[in-house]
Amino acid sequence: MNYPQVRPRRLRRSKAVRDLVRETEIDLSHLIYPLFVVPGAGIKQPVAAMPGVFRFSGDTLLKEIAEIWELGIRAIILFGAGSPADPAGTAAYDPGQPVQAALRAVKDRYPGLLLITDVCLCGYTTHGHCGLVEGEEILNDPTLEILARTAVSHAAAGADIVAPSDMMDGRVAAIRKALDHAGHTNTSILSYAVKYASSFYGPFRDAACCAPSFGDRRTYQMDPGNTREALKEAQLDLTEGADILMIKPALAYLDIIRMVKENTLNPVFAYNVSGEYAMIKAAAVAGYLNENDAVKETLLSMRRAGADRIITYHAKDFACYAE
Ligand code: PBG
């Protein structure tokens with residue numbers, strides 16, 4: 001059968017019928033909101049190149065969380081920034097730092113809010129790399145213990161899920177072992193399993209750290225030209241005990257999201273990163289496109305590619321969009 005019996009437009013002729021046959025949905029329950037927490041009080045600093053994103057101190061963070069809870073957001077990922085830095089990133093696992101303090105405060109007041117933490121050293125090291133450094137080399141194995149201690153400190157403070165973003169080999173296994181040893185057997189690991197060395201992290205580096213003081217991250221983050229390596233990273237992390245896999249960035253890597261989804265059985269998340277957010281915001285401010293429509297279409301593309309959930313700075317705006 002073909003035209004004129006077959007007419008694809010029949011299923012597009014009204015909103016009701018389009019809604020009826022839509023294959024992929026995007027709503028607030030799919031979104032996780034990133035928040036940045038810094039030492040001090042009364043602070044709400046705008047982040048350059050990310051209009052609408054701020055760095056909060058503990059007190060103003062609680063106000064922000066009251067607002068997003070009211071808007072219906074039910075999952076956040078916390079990043080620490082502005083803590084004292086040293087070459088070994090020791091503040092990352094200090095229970096007195098803003099992330100750990102915020103976890104305790106928020107867990108208490110919002111038991112229904114899912115708390116995820118980014119586990120990495122780059123916000124806490126003087127050199128800004130995600131691991132320990134010797135000369136020009138980023139050391140793998142000695143970094144694992146510090147990452148593991150950091151994850152345990154987050155779990156102890158109330159994190160439901162820890163999310164290592166450092167890209168050291170073997171970190172998921174090291175973190176799982178340390179969590180279990182400390183009795184946190186129910187704390188999940190959301191692994192940034194497939195993380196590319198991307199130019200789209202630029203604006204984030206103003207928000208939470210962490211441009212490396214020398215070199216770049218290409219000896220640990222993945223080469224953007226590689227596809228099969230993504231599957232290898234995903235499979236290794238599953239073997240090491242990852243509960244959820246993440247692909248990052250999202251928009252330029254939709255093919256990778258699809259491939260990981262089709263070849264694994266665990267939930268697959270995507271990180272709609274700072275540079276992706278900045279692009280849409282900048283174009284919207286210039287009047288070049290309709291922000292709401294562009295955001296919905298972009299997030300929908302990640303869902304269509306196979307992302308079960310998306311970490312996105314757009315979540316708060318999205319919660320305010322009309323149908
Ligand atoms: C830390 C980390 C980064 C991001 C999340 N965790 C920066 C990086 O690896 O360079 C990027 C997030 C974003 O761009 O929104 N390792």
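Colleague: In which sense do strand 1 and strand 12 pair, and over how many bridges?

Modeller: Strand 1 (residues 31–37) pairs with strand 12 (residues 309–312) in the parallel sense, over two bridges. Two strands are said to pair if DSSP finds at least two bridges between them. Strands (E, at least two residues) and helices (H or I, at least four) are DSSP runs numbered from the N terminus. This is a predicted model, in which local features need pLDDT of at least 70 and side-chain atom pairs count only at pLDDT 80 or more, whereas totals for chains, interfaces and linings use all residues. Residues are numbered from 1 along each chain as its sequence is written, and side-chain values use heavy atoms, with hydrogens and water left out.

Colleague: Which residue of strand 12 is the bridge partner of leucine 31?

Modeller: The partner of leucine 31 is isoleucine 310. Isoleucine 310 is also the bridge partner of alanine 270. Strand 12 pairs with strand 11 (residues 268–272) as well, in the parallel sense and over four bridges.

Colleague: Is alanine 270 buried or exposed?

Modeller: Alanine 270, which lies in strand 11, has a relative accessible area of 0% and therefore counts as buried. Buried means under 20% relative accessible area, exposed over 50%, and partly exposed in between, using a 1.4 Å probe and protein chains only.

Colleague: What does alanine 270 touch, beyond its sequence neighbours?

Modeller: Leaving out residues up to four places away in sequence, alanine 270 touches Met246, Ile247, Ala250, Ile257, Ala307, Arg309, Ile310 and Ile311. Contact means heavy atoms within 4.5 Å.

Colleague: Met246 and Ile247 are in that list. Which way do the residues of strand 10 point?

Modeller: Ile244, Met246 and Lys248 point one way from strand 10, Leu245 and Ile247 point the other way, and all are buried. In a regular strand the side chains alternate between the two faces of the sheet. Five of the five residues of strand 10 are buried, so this strand is largely enclosed by the rest of the structure.

Colleague: Which strands does strand 10 pair with?

Modeller: Strand 10 runs parallel to strand 9 and is joined to it by four bridges; lysine 195 has lysine 248 as its bridge partner there. Strand 10 also runs parallel to strand 11, with three bridges, and methionine 246 has phenylalanine 269 as its partner in strand 11.

Colleague: What kind of peptide bond joins lysine 248 and proline 249?

Modeller: That bond is cis, with omega about -10 degrees. Proline 249 is in the loop between strand 10 (244–248) and helix 8 (254–263). The peptide bond from tyrosine 3 to proline 4 is also cis, with omega near 10 degrees, and proline 4 is in the segment before helix 1 (15–21).

Colleague: Turning to the ligand, which residues are closest to it?

Modeller: The closest are Lys195, Arg205, Lys248, Ser274 and Tyr313, out of 18 residues that surround the ligand. A residue counts as near if one of its heavy atoms lies within 4 Å of the molecule.

Colleague: Where is methionine 167, and what is its phi?

Modeller: Methionine 167 lies in the loop between strand 8 (161–164) and helix 5. Its phi is positive, about 70 degrees, although methionine 167 is not a glycine. The residue is buried because its relative accessible area is 5%.
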